[in-house]
Each structure stands twice: as C-alpha cells, then as structure tokens.
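Try each task before reading its solution.

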Amino acid sequence: MPDAPAVVVDDVQKRFGDTVALSGVDLAVAEGEVLGLLGPNGAGKTTLVRVLVTLLRPDTGSARIFGHDVVTEASTVRRLIGLTGQYAAVDELLTGRENLRMFGELFHLSRREAARRADDLLERFDLAVAGDRPARTYSGGMRRRLDLASSLLIRPRLLFLDEPTTGLDPRSRSAIWDITRELVAEGTTLLLTTQYLEEADQLADRIAVIDHGHIIAEGTGDDLKDEIGGQVVDIVLTDAAQRPAACRAVPDADLGQGDRNLRVSVPAGDALQALSRVSLALRDAEIRVRDVGLRRPTLDDVFLQLTGGDPSATSPPEGTASGTEEGVA
Amino acid sequence: MTITERPAEEPRPSDPRAPTSPAARVYWQARDTWTVTKRNLRHFMRQPRLLVFSTIQPVMFVVLFAFVFGGIATVALPEGTEYIDFLLPGLFVQSAAFRSTQTAVGLAEDLERGVVDRFRSMPMSRAAVLAGRTLADLVRSLAVIVLMIAVGYLIGFRFTQGVLGAIGAILVVALFGYLMSWLFCWMALHVPGAEAAQTAGFVIVFPMVFASSIFVPLETMPDWLATFAAQSPLTHAADAARALSIGGEALRPALLTIAWCVGLLAIVIPLAVRRYRTIT
Ligand SMILES: Nc1ncnc2c1ncn2[C@@H]1O[C@H](COP(=O)(O)OP(=O)(O)OP(=O)(O)O)[C@@H](O)[C@H]1O
Ligand SMILES: [Mg+2]
C-alpha cells in the first residue's frame, strides 16, 4: 500500500490500572513528514510510541502504519519501522560493534553486510574509536548515538524517536539533530517526541501537543503561535527598581518573568501603534530601558498556555521563555 | 562528527527479507536463534558472577561432597563402589538443575533491560530470545560437565562403560538440563524481576535436588521420601547418568528421563513462547 499514510491513529485508548495513559488519540502522519509530538512528563508520549511500534496493544481504537494494523499485522509493521526509545535499548555487555552486528543479523542482513553496516554506522556516529568497548562504558550521549545507529541498520521507512536528546549536552544534541535531518532528507518519515519546544520547532514540519493522554493542539509551530494570540511588546528595564513606575506609566502591562521585565499584549493589527505608545509612555516617565521590542509568543508560551491550566484567552503568555531570553541578554 | 563526509551512495536494504516459504521461516528462526545464542554466550564470558557460578561452584561441589560425605556414604553403597564414582554422575544433574536457576535470572534481567524492547520491535523470530538463551545454556552445560569430569578424574573418578556410555551419560544430563532451562524460562516470565526469579528458582530446585538419588541411594531414605524421590525426574536422570557411567540398569531410567523431557518440553516451549509474546 504505497499510498497509505505513514501513521493513522484512530481513537486509541490505553490504561494501566487506574491510570489513563491515552484517552482517545487521533493522529495522522503523511509519508515524508516529520511530526513532533510535544508533551510534558506523563502526557502519554512513550505510551503512544509503544503502541505504534507494536510493543503495547491499545485497549480500544486502532493504529495503522503504512496501512498495516499494528495489532493484527505486527510483523509487517516491524519490517517498516525503526525505534529509538526513550531509554537506550542496547546490550550493555556487548561492544558497540557487537551490538550493531547483532542487530544487523537480526534484521536479516548477511553476516558480511551486517559487519560492514556496523563499521559504517560507527564511523558515521562518531563511535569508531569506542566501537570495541562494552556499551556499559559509554557516556549518555554515546549510548544514544549507538541506540539511534541500532535502528538504522536497515533503512526504516518510518522512524520513531522518543525523546532522542533528553539529557544530552548541546553538542551531542546538535549531533543528533544533524543526523535526524539527514535521515529526513533521505526520505525517512519521522515521529519524534520531545519535551523541548525548540527541538520540535527545529526539526518538525508539524507539531502535535499531547497532554493527559490526548492531542490538544496540532499544526505548524506558526499555527500554534497564532492560535494563542498575536504579538506582545516585551520590555526589559535597565533598573528593576523602576518597575513600579513603569507599571504606572503603562497601566496595561503585565509583569514578565524576570524582575526587570514587562509585557503588553497587542491587539491584532495594532503592533506598531502599541509599540510607539509604550515607548512614548516610558520615555515621558523617564524610565530607562535596556530593550523594547515586538515579539511573537514562543513555543514555550504556547506549550505552557496549552498544558499549563489557567492563562486566560487575552492575557499575554507568561513563561520561562522570557526568563531564558533575559538570561541571554 | 563525521556525518557530513559519508559516501554519497550508500547501499542500504530498505526491507528486511520477509520469509516467503515455511522453509525460509525455519531458516530465519534458526539464524535468529543462533544470533541470540552468540550474544548470550558472550554474556557468560563477561559476567564474573556467571563465570564463577558455572566453573568454580561445580568444581567445589565435586571436591567438597566427595571428601566430606565420602567417608559415611560408602557404607550405604554396594560393595566396591567408590563414592566419587557414585556421586559425580549425580552432580552432573545437580549442577544442571542449579544452573537453570541462572537461566531464569538471566531472562528476568533481560526483560528489565531495554534491549528486549528492541528485539520485540524488530522483524525477528519471536521465539529466538528464549530459544537462544536455552541453547546457550545447553552449550554452557556441556562445557561444565566436561570440566567436572576433568576434576573428577583428578580425584579418582573413572567411566567404566566405555566411550559410548560416557557420551550417553553426558547427553542424558544435557537433555535434562535443557528441559530445566525451558521450565525456568517459563517461570521467569511469570515472576516480577530477577530477584524473584532467583528466589523462586532456589525454593523449587533445592528440595528437588536433595529429594532424589543424586547424593545418596534411595534405600537410605525413609520410606515416604524414597517413594517420592523414586518418581522424581531428577532421580531418573541421575540413575541414567550413573548407570551409563559406572554400570547398572540404564535403559529404564534413560527412557524415563527422555519421556519426561520430551513430554514437558512439548508443553513448556509453546507456553513460554506464547507468554513471551504477550507480556509487555
Ligand atoms: N507500564 C506502566 N504501568 C503503569 N503506568 C504506566 C505504565 N506506562 C506508563 N504509565 C503511566 O501512563 C502515563 C503516561 O506515561 P508515558 O510514559 O506515556 O508518558 P510520557 O509522555 O512518555 O512521559 P515522559 O516525558 O516522562 O517520558 C503516566 O501517568 C505513566 O505513569
Ligand atoms: Mg516518555
């Protein structure tokens, strides 16, 4: 079935005892697409991935991979997918090379082919030097790379990456991102889960936000940002002590994350006017600012608003993002 | 990273070959099993605990039992039988039974490790993880028996029924050990975790080993115990190995052992494989 979508999930539910891990998930991924599945701890990301890779049976609902049902046609599905799970699934007592050879043989490559692929992958994933050490001695980043390499002994049409960069340093993370982009360029369809908005934004064509076991929003990063409203005027004061005065000068400002931050939400189509109004008011009140600018909500804002509970529809997003940006400033 | 300097054209099969005929299925199952067997044999070599368990411990048992109980046990043995000759074939069975508890522990550990998740998401034979483990244990069993024979020879043990008898004794014990491995695999698939598997293993194996003809002739036991022990497959296996090693009625215990093993394997293998497929 070459024309079937890569993934179709239809009302999948899964509970563990009293815990509802998935409460009716619907999702579709087209072939060649990169879907980022974004959600906080316990949202059900791993559970959904495990259903899709045939490790868990859904209680109700169905899921198809390239048109093949994950329960009734599990062995066909396994031939089409690769999995890099949340926790590295490599054999700790075997060396990196032995791991890759073993998985290659289990993917039914010939011994020689498996050995050759293992060498290529070690090289490609910067593990050639460590290739003959037991995986037990690998660092977290090396282990993840070995794990990712293990799912690439054959070319999977659809690759699942469950939090591929959690716990990695920036360098290892960007290494994984580079590899991922290459795979996508080669035509691999990708379903990626992450808690990092930046990662979803960087890698994914489309993002699905999952929380409490169901998909609460779906779209491109831009769609999601638009969904929670327009732009904000972001103000960073030079002196935190002037914040009360600034608040009096701009009565509709909300406090931002840091103690020198203020934010004003901007009515649609009114951005420049709001910016000049705010600037003038601050100047007239003789408030010194380090930075005033228009910006769109970040995905962090989207994420927190969607999953966080109470932010009202009109108030500007408050979140850690501004804190982070201040840290950089 | 060298990711950018890869050869431009990288041949990579896009689809692992799907078995097209029953013969191909059998071939792939056998190959997957062998791949997993190799992995488990490497594990033995790399886990000091297992190496000790499978080498030093059986040697210690041979030496200690021979010298500690040799004095009193000879009284109960037929005229002219040395205890080491009586004991060693029994110890083959004892060590096979003890070793099978390690099968359970190893499998339970595997289930806790992520690598089995990868196996289960791959298009490989479903039975290979169990078949590979039990086959690796069989290989190890044979090696340990050879080691025990070597140590036995140093302290006076001799085969008296010829090479065929010796080989027969080894094969009977290996078959028995293979059954035990599968039984304990099945058990490990039902208990939570490696420690539980270890405990359960010993609680079952310990009394079974002593309530048998492994260490002493049944005639020395109280009637109720002798009656029970006479039915034990461990007794059959020990009697068969002993008769094939040093003489005596071999056919009956050998046939009983084979019947037990083939009968139980026919039940426990499908049960264990089914269980492995369904647990998550
Ligand atoms: N095997 C299990 N037994 C019991 N509860 C489980 C099991 N697996 C998952 N859960 C529960 O299901 C819910 C969803 O878990 P899941 O692992 O899918 O979340 P996640 O989105 O992957 O979280 P994280 O970001 O922390 O990895 C959680 O409440 C979790 O406790
Ligand atoms: Mg998870």
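The exercises cover a ligand shell, a sheet and a single residue.

This is a predicted model, in which local features need pLDDT of at least 70, side-chain atom pairs count only at pLDDT 80 or more, and totals for chains, interfaces and linings use all residues. Residues are numbered from 1 along each chain as its sequence is written, chains are lettered from A and ligands numbered from 1 in the order in which they are written, and side-chain values use heavy atoms, with hydrogens and water left out.

**Exercise 1.** Describe the residues that surround ligand 1.

Step 1. Ligand 1 is surrounded by 14 residues, where near means that a heavy atom of the residue lies within 4 Å. Among the closest are A:Gly42 and A:Lys45.

Step 2. Sort the shell by type: four residues are nonpolar, eight polar and two charged. Here Ala, Val, Leu, Ile, Met, Phe, Trp, Tyr, Cys and Pro count as nonpolar, Asp, Glu, Lys and Arg as charged, and the others, Gly among them, as polar.

Step 3. Look for pairs of N or O atoms within 3.5 Å, the cut-off for a polar contact; within protein, one atom must be able to donate a hydrogen and the other to accept it, and residues adjacent in sequence count only if both atoms are side-chain atoms. A backbone N or O atom of A:Gly42 is 2.8 Å from an oxygen atom of ligand 1. For A:Ala43, a polar backbone atom lies 3.1 Å from a ligand oxygen. In A:Glu163, a side-chain N or O atom is 2.8 Å from an oxygen atom of ligand 1.

Step 4. Of the 630 Å² of accessible area that ligand 1 has on its own, the protein covers 63% (Shrake-Rupley method, 1.4 Å probe; for residues, only the protein chains shown count as cover).

**Exercise 2.** Find which strands stand at the edges of the chain A sheet.

Step 1. The open sheet has four strands in the order β2-β1-β4-β5 (chain A), with antiparallel pairing. Strands are DSSP runs (E, at least two residues), numbered from the N terminus, as are helices (H or I, at least four); two strands pair if DSSP finds at least two bridges between them.

Step 2. β2 and β5 of chain A each have a single partner strand, so one side of each lacks a neighbour in the sheet.

Step 3. Check one pair: two bridges join β4(A) to β5(A), and A:Ile65 stands opposite A:His68.

**Exercise 3.** Is B:Asp137 buried or exposed?

Step 1. B:Asp137 lies in helix α6 of chain B.

Step 2. The relative accessible area of B:Asp137 is 3%, so B:Asp137 is buried (buried is under 20%, exposed over 50%, partly exposed in between; 1.4 Å probe, protein chains only).

Step 3. The side chain of B:Asp137 makes a polar contact of 2.3 Å with the side chain of B:Thr103.
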